[in-house]
Amino acid sequence: MTTLQETSLPTSGYIRRFRLAQALGVHVATIDRWVRDKRLPSPVKLGEKSTAFDAAEVNRWLAERREVA
């Protein structure tokens, strides 16, 4: 499993699904499952064929997970 580094994700803007999966060391299908199970914030629609995760929401989610661990 890949270790997430603090600087590997942006703190603002948007993160594409495949990039988030890569940074977390999981498969894209895992990201989809976490979203479906409400374990991860949902992505936002940026255009007709484009969705991405809000970087600030993802970083808050990661911080909350670190507090619980």
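1. A residue is called buried when its relative accessible area is under 20%, exposed when it is over 50%, and partly exposed in between. Arg17, with a relative accessibility of 38%, therefore counts as partly exposed. The same terms are used in the points below.

2. The model discussed here is predicted. Its mean pLDDT is 89, and 90% of the residues reach 70 or more. Among the elements, helix 2, residues 28-36, has the highest confidence, with a mean of 97. The lowest is found in helix 3, residues 55-68, where the mean is 92.

3. The protein contains 3 helices and 3 strands. Followed along the sequence, they come in the order β-α-α-β-β-α. The protein has 69 residues, and 26% of them count as buried.

4. How many salt bridges does a search of the whole structure find? The search finds 1. Arg17 and Asp32 form a salt bridge, and their closest N and O atoms are 2.8 Å apart. Arg17 belongs to helix 1 (residues 17-24) and Asp32 to helix 2, so the pair ties together parts that are 15 residues apart in sequence. Asp32 has a relative accessible area of 30%, which makes this residue partly exposed. Arg17 is partly exposed as well, as stated in the opening point.

5. Helix 2 also holds Val28. Val28 and Phe18 are 10 residues apart along the chain, while their C-alpha atoms are separated by 6.0 Å.

6. Which residues gather in the patch of positive charge on the surface? They are Arg33, Arg36, Arg39 and Arg65. Arg33 has its place in helix 2. With a relative accessible area of 37%, Arg33 is partly exposed. A residue must have over 30% relative accessible area to be part of a patch, so Arg33 passes that cut-off.

7. There is also a nonpolar surface patch, made by Tyr14, Val44 and Leu46, with an area of about 260 Å². Leu46 sits in strand 2, which covers residues 44-47. Leu46 is partly exposed, at 44% relative accessibility.

8. The loop between helix 2 and strand 2 deserves a look. Lys38 is located in this loop. Is Lys38 buried or exposed? Its relative accessibility is 69%, and Lys38 therefore counts as exposed. The phi angle of Lys38 is near 65°, a positive value in a residue other than glycine. In general, most residues other than glycine have a negative phi. A student checking the backbone can find this residue in the structure above.

9. Ser42 is found in the loop between helix 2 and strand 2 as well. Ser42 has a relative accessible area of 39% and is partly exposed. Which separation do the C-alpha atoms of Ser42 and Phe53 show? They are separated by 6.8 Å, although the two residues are 11 residues apart along the chain.

Note on methods:
Residues are numbered from 1 along each chain as its sequence is written. This is a predicted model: local features need pLDDT of at least 70, side-chain atom pairs count only at pLDDT 80 or more; totals for chains, interfaces and linings use all residues. Side-chain values use heavy atoms; hydrogens and water are left out. pLDDT is the predictor's confidence in each residue, from 0 to 100. Helices (H or I, at least four residues) and strands (E, at least two) are DSSP runs, numbered from the N terminus. Patches are made of residues with over 30% relative accessible area and no salt bridge: like charges are joined within 9 Å, nonpolar side chains (Val, Leu, Ile, Met, Phe, Trp, Tyr) within 5 Å. Accessible areas come from the Shrake-Rupley method with a 1.4 Å probe; for residues, only the protein chains shown count as cover. A salt bridge is a side-chain nitrogen of Lys or Arg within 4 Å of a carboxyl oxygen of Asp or Glu. Lys and Arg count as positive and Asp and Glu as negative; His and the chain ends are not counted. The place of a charge is taken as NZ of Lys, CZ of Arg, CG of Asp or CD of Glu. Buried means under 20% relative accessible area, exposed over 50%, partly exposed in between (1.4 Å probe, protein chains only).
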